[in-house]
Amino acid sequence: MFGFFFCEGPIMNFEQASEKADTAKFARFHRAMLEEGVYLAPSQFEAGFVGLQHSEEDIDATIAAAKRAFARI
């Protein structure tokens, strides 16, 4: 299970997430990941999951896609 927020410093609870998180930047990242073929939850307030069906190659490809997406935003 994972989640991430675009902000300064750590997020410890929903109140901080809703006040500090840059939802516009998350939206740009989400679109960039879609263009890379990686389908994330459309809201940064939803959890992502890694399951046994995800191979190391899947994870490596997702990391590489995220690096390209970060470079574009």
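Leaving aside residues up to four places away in sequence, Phe26 touches Phe4, Phe6, Ala41, Pro42, Ser43 and Gln44, where contact means heavy atoms within 4.5 Å. The model is predicted, so local features need pLDDT of at least 70 and side-chain atom pairs count only at pLDDT 80 or more, while totals for chains, interfaces and linings use all residues. Residues are numbered from 1 along each chain as its sequence is written, and side-chain values use heavy atoms, with hydrogens and water left out.

The protein has three helices and zero strands, and from the N terminus on its elements run α-α-α; helices (H or I, at least four residues) and strands (E, at least two) are DSSP runs, numbered from the N terminus. The C-alpha trace spans about 35 × 30 × 20 Å along its principal axes. Of the 73 residues, 21% count as buried, that is, under 20% relative accessible area, with exposed over 50% and partly exposed in between (1.4 Å probe, protein chains only).

Phe26 also belongs to the largest nonpolar core, whose ten residues are Phe6, Phe26, Phe29, Ala32, Met33, Val38, Leu40, Ala65, Ala66 and Ala69. Helix H2 (23-35) and helix H3 (56-72) each supply at least two residues of this core, and the largest share, four residues, comes from H2. Such a core is a set of buried Ala, Val, Leu, Ile, Met, Phe, Trp, Tyr and Cys residues joined through side-chain atoms within 4.5 Å.

How do the two helices meet? Phe29, Ala32, Met33 and Glu35 in H2 meet Thr62, Ala65, Ala66, Ala69, Phe70 and Arg72 in H3. H2 and H3 pack at an angle of about 130°, with their axes 9 Å apart; axes are lines fitted to C-alpha atoms, for helices over the stretch in contact, and angles run from 0 to 180 degrees between N-to-C directions.

Ring pairs link Phe26 with Phe2, Phe4, Phe6, Phe29 and Phe70 into a cluster. Rings of Phe, Tyr and Trp (its six-membered ring) pair if their centres lie within 6.5 Å, and planes under 30 degrees apart count as stacked, over 60 as edge-to-face and the rest as tilted.

Gln44, one of the residues that Phe26 touches, lies in the loop between H2 and H3. At 5% relative accessibility, Gln44 counts as buried.
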